[in-house]
Amino acid sequence: MTILRFTKQNDTMQVNEQISAIIGKKLEGGASAEELEQLQLWLDAGAANRGEYDQLVKIWADSARVISLPHFDTDAAWQKIDGQISVRKIPFYTRKIAVAAAVVVIAAAGWWLYNKTNPGWQRFEAVAANQSLQLPDGSVVLLRKGSSLKYPPVFDKNERTVQLSGEAFFKVQHNEHQPFRITTSHSKVEVLGTTFLVRSEDALDEVVVATGRVSVADKDQNSNRIVLVAGQKAVLQEDKFKEDIVTDSNYMAWKTGLLDFKNASLQKVLDDVSHYYGVTIELAAGQPVQKKDGINVRFENQPFEQALEELKLVTGLEAKKENGKYLLYQK
């Protein structure tokens, strides 16, 4: 891991540039584990750093609500405004905040002009925290932090279609004459009215049905589809569906803060903990494990380090970090 030092003025400027890039990646959901560690070191270095970061997060969250214009060039706006602000007269992060605020104003104006003449889809992003959104038909969507949803200002009379990137829980208003459809990178999900979760990642899609009935189809092969009812879930990966029964509510841990395992397999525990904390936890290759099933443990709003210690206790395994992953092994 690269350690950032806060000593000389030139070093500080270099650190600021590095931190600026990392903050941008974090807000867009693309920061690596190492970059997040560097950011945390910077935040812990002083209250002023935390205050500046919180300001940036707030401005970014505000901008996400207004930058819904499909052809609005945010990067060009940043460059144009940034070039007009003196680096020497304005402190680095104050300058960036000023630029962000200006972009928000420009984006809002562009959004208003565009929608006045040519109504288009809007984009809602849960940037700094989980966020709830009410759609034009009254349906409610809870987006996990880092996820986004695109939707029209008014739904078509024959269907209600949205586009999801990330993870969200949907509570859809029933309307048998106007099906509700969600498209992701891999699948198409269709319902009439129900509650369910959709998770879309680079390699897979997962759908978990809480109530009602949901149809899930491969986006590239419409004939490749399944129907799920309450208490069922399915994962679509590499054109194949894997169906299973929902045995707990851990799929909503990102909302409730609760992971509860009862007589669970070690693999399920590792999968759920990894997904909740946004890390990768695996068994080290070739390691014999005595306790692979029957694990009972509960994590509730705990920091990852504490959860990892409890996991080591209940499994009798040790943990080490290698290449950005946490590996469990028999000592």
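Trainee: Which residues are buried in H8?

Mentor: Please bear in mind that this is a predicted model. A residue counts as buried when its relative accessible area is under 20%, and as exposed when the value is over 50%. In H8, the buried residues are Phe304, Ala307, Leu308, Leu311, Lys312 and Thr315. They lie on the same side of H8, because the arc they cover around the axis is only 140°.

Trainee: Which residues are exposed on the other side of H8?

Mentor: Glu305 and Leu313 are exposed there.

Trainee: Why should helix H8 span 16 Å?

Mentor: The expected span is 1.5 Å times one less than the number of residues. H8 has twelve residues, 304-315, and should therefore span 16 Å; its end C-alpha atoms are 16 Å apart, in agreement with that value.

Trainee: Which residue follows H8, and is its phi positive or negative?

Mentor: Gly316 follows H8, and its phi is positive, near 75°.

Trainee: How many helices and strands are there in the protein chain, and what share of its residues count as buried?

Mentor: The protein chain has eight helices and 19 strands. Of its 331 residues, 42% count as buried. The chain exposes about 18,300 Å², of which carbon and sulfur atoms supply 49%.

Methods:
Residues are numbered from 1 along each chain as its sequence is written. This is a predicted model: local features need pLDDT of at least 70, side-chain atom pairs count only at pLDDT 80 or more; totals for chains, interfaces and linings use all residues. Side-chain values use heavy atoms; hydrogens and water are left out. Helices (H or I, at least four residues) and strands (E, at least two) are DSSP runs, numbered from the N terminus. Buried means under 20% relative accessible area, exposed over 50%, partly exposed in between (1.4 Å probe, protein chains only). The arc is that of the directions from the helix axis to the C-beta atoms. Accessible areas come from the Shrake-Rupley method with a 1.4 Å probe; for residues, only the protein chains shown count as cover.
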